[in-house]
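Hello,

Here is the structure we talked about. Please look it over before reading my notes below.

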Amino acid sequence: MSTTMKDQNRRPLRRPALDHRTAMTLAADEYARFADTVAGLDAAAWTRPTACTLWDVRQLTAHVVGMAEMAAGLREGARQRRIAGADAAAKGIAFIDALTDVQVRERADHTPARLTDDMRKVGPRAARGRRMTPSFVRRRDMGVPQTVQGVDEHWALGFLVDVILTRDTWMHRSDLAEATGTAMVLTPDHDGAIVADVVAEWAGRHLQPYRLVLTGPAGGEWGAGTGGETIEMDAVQFCRVLSGRGEGSGLLATEVPF
């Protein structure tokens, strides 16, 4: 197939539905909430396994710190991407897997106290780095196809900057709550906004009539069309299922990237 035909058949760039200002408020608040979460963990919690089966709590936190460091500065971002790109090619693995491995590996000897301190420091810098990304850069294609449910799709850089980096941190905060048996701090204005954005994307991906009732502080009610599937469940668990952390049937089998 020619390059021209491939371009014609390619789906449009996926772009953020949230406006940049709102997205950056959510980003800054989520970094702060993650830092508060790890600061409240006791010593025993840091070695507990998580839903990310290759990582315990300490390693998961190392990834979040590393990803925030990548977002905080162009030089660090380029350095991580360069190493991950070489690792991905050498090992025959996906770039994102190589990238997260770099983040965890480079912090293998970092103590919980250091990771907690690093998260406190890097969160505001990462939020600022993302906020200052120019609009013309956010409109660009990331350049690396992202696979969602076996289908390659192309994202605008703004979808990563405004949406995915916040969802990733939020979902890992949920992972910490599940791993440690602690309550996840949830509010309608913050977590509810993140969940509502996930719901909108999920509905846009399956394009079927539905009625959705999500419970808890981050919940709400949504629907479209008539005669479709009715789903009622906890808002955080809904997102965990869509992220691949649980099995879903029917419309819940439609994945959303985090």
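**What was found**

Leaving aside residues up to four places away in sequence, Asp197 touches Ala17, Leu18, Val163 and Arg167. This comes from a predicted model, so please read everything below as computed from that model.

Asp197 is part of helix α9, which covers residues 191–206. Its relative accessibility is 11%, so Asp197 counts as buried, because the cut-off for buried is under 20%. One of the residues it touches, Arg167, also makes a polar contact with it: the side chains of Asp197 and Arg167 are joined at 3.1 Å.

Next, the cysteines. How many disulfides does a search of the whole structure find? The search gives zero. Cys52 is in no disulfide, and the nearest cysteine sulfur to its own belongs to Cys239, 15 Å away. Cys239 is likewise in no disulfide, its nearest cysteine sulfur being that of Cys52.

Last, the confidence of the prediction. The average pLDDT of the chain is 95, and 96% of the residues score at least 70. Residues 1–8 are a stretch to treat separately: pLDDT stays under 50 there. For these residues the model has two contacts beyond four places in sequence.

Regards

Notes: Residues numbered from 1 in each chain as written. Predicted model: local features only at pLDDT ≥ 70, side-chain atom pairs only at ≥ 80, totals over all residues. Heavy atoms only, no water. Helix = DSSP H or I, 4+ residues; strand = E, 2+ residues; numbered from the N terminus. Buried < 20%, exposed > 50% of the residue type's maximum accessible area, 1.4 Å probe, protein only. Polar contact = N/O pair within 3.5 Å; in protein donor to acceptor, adjacent residues only side chain to side chain. Contact = heavy atoms within 4.5 Å. Disulfide = S-S within 2.5 Å. pLDDT = per-residue confidence, 0-100.
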